[in-house]
Amino acid sequence: EQHLDAVVPALASTLSRGGGDANAQKATLDAVATVASCAEGAFGPYYGTFMPTLLAALDATADRRHVDQSAAVRARAIDCAAVVGSAVGVDAFAADAPKVLAAIAGDLGAAGPQQGGDDVDADLPLSVLLPAAVSVVKTCGGAAVDAYLEAIAAPLLAAATAVPQISHAPNVGGDDSGRKEEDGTYSVVMGDLRITVDLRALWAKEKASDLLGELADACGDCLPSAAAVKFAEALAPLSTFVGSESVRSTASLSLGQVVGAAVARLRKHPGEPGLLESAGALAAAALRTVSDAAQKETADDARPMHVQ
């Protein structure tokens with residue numbers, strides 16, 4: 001805290017200048033987010049210094065959200081706003097949170113195909129935008145996301161339910177090097193074929209599963225029952241997903257968070273039509289799914305694909 005008075009003006013000055021190199025802008029935004037995250041409540045006096053600048057920058061670049069370089073900088077600005085909001089708390093952030101969620105929803109609509117991988121900018125929705133949305137909801141409560149829930153949930157559901165990208169081709173030249181991992185793919189020789197799995201797609205499934213659970217947990221009793229059912233329908237099959245233990249375990253944990261949100265809503269609105277049946281069905285299905293997943297972990301088809 002004792003260093004904030006020295007650090008914050010320099011960051012504010014750099015941020016307000018705008019323009020310039022995109023990498024420098026991203027580095028500045030990351031630095032502001034890091035300082036806010038570390039300072040937590042002590043960052044409160046500086047909220048008025050940074051949030052208006054961040055929101056103005058998002059408004060000014062809205063027409064360039066389709067451009068890759070601008071999209072990457074905007075994503076960092078959105079993430080920075082979410083971190084600053086989390087640091088200062090709901091009382092200060094509540095009025096600005098809808099503006100951040102609106103920017104996220106707009107950028108999700110303009111985003112290109114999700115690729116996954118180690119490069120954050122390769123998949124801005126799953127790497128930056130959607131985690132930022134979850135952070136905003138955690139800070140301000142489920143009511144804050146009501147108008148944007150469908151836009152935020154759609155790419156998560158799409159990634160979670162996407163068909164695994166597995167291909168095979170003749171093992172030309174009799175390459176017997178066995179397993180290979182390159183360019184985001186994993187391949188293995190099986191007989192006369194080389195089987196290739198897109199690891200980025202598996203990463204997307206795991207990340208989407210995690211964020212669906214976190215979103216449900218953040219919404220709590222504000223999560224509509226219809227949304228809870230959609231979340232559960234996407235997560236339940238992944239609890240027994242073949243070929244990735246991390247996808248299975250993440251989906252199982254997230255399914256529990258979805259059921260928890262449904263039960264919380266039932267307790268708050270016991271008279272809501274159809275909610276009792278919906279929550280009961282979700283809970284029963286979750287128990288069956290987790291039981292099936294536990295049994296399948298010992299089955300042959302739960303083992304990694306190359307072992308099968």
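I looked up Asp107 first: Asp107 is buried, with a relative accessible area of 5%. Buried means under 20% relative accessible area, exposed over 50%, and partly exposed in between, with a 1.4 Å probe and protein chains only.

I noted what I was working with. This is a predicted model, where local features need pLDDT of at least 70 and side-chain atom pairs count only at pLDDT 80 or more, while totals for chains, interfaces and linings use all residues. Residues are numbered from 1 along each chain as its sequence is written, and side-chain values use heavy atoms, with hydrogens and water left out.

**Salt bridges**

I searched the whole structure for salt bridges and got six. The term stands for a side-chain nitrogen of Lys or Arg within 4 Å of a carboxyl oxygen of Asp or Glu.

Helices here are DSSP runs of H or I with at least four residues, strands are runs of E with at least two, and both are numbered from the N terminus.

Asp107 also forms a salt bridge with Arg74, where the closest N and O atoms are 2.8 Å apart. Here helix H6 is linked to helix H4, across 33 residues. I checked Arg74 too: it counts as buried, at 2% relative accessibility. I wrote down Arg65, Arg74 and Asp107 as a network of salt bridges.

I then moved to Glu214 and Lys138, whose side chains meet in a salt bridge of 2.7 Å, N to O. Glu214 is in helix H9 (residues 199-219) and Lys138 in helix H7 (residues 124-140), 76 residues apart.

**Helix H2**

I compared the length of H2 with expectation. The expected span is 1.5 Å times one less than the number of residues. For the 18 residues of H2 (residues 22-39) that gives 26 Å, and the end C-alpha atoms are 26 Å apart, which agrees.

I listed the buried residues of H2, among them Ala22, Leu29, Val32 and Ala36. Their cover includes helix H1 (4-17), helix H3 (47-60) and helix H4 (68-88).

Conventions: Contact = heavy atoms within 4.5 Å.
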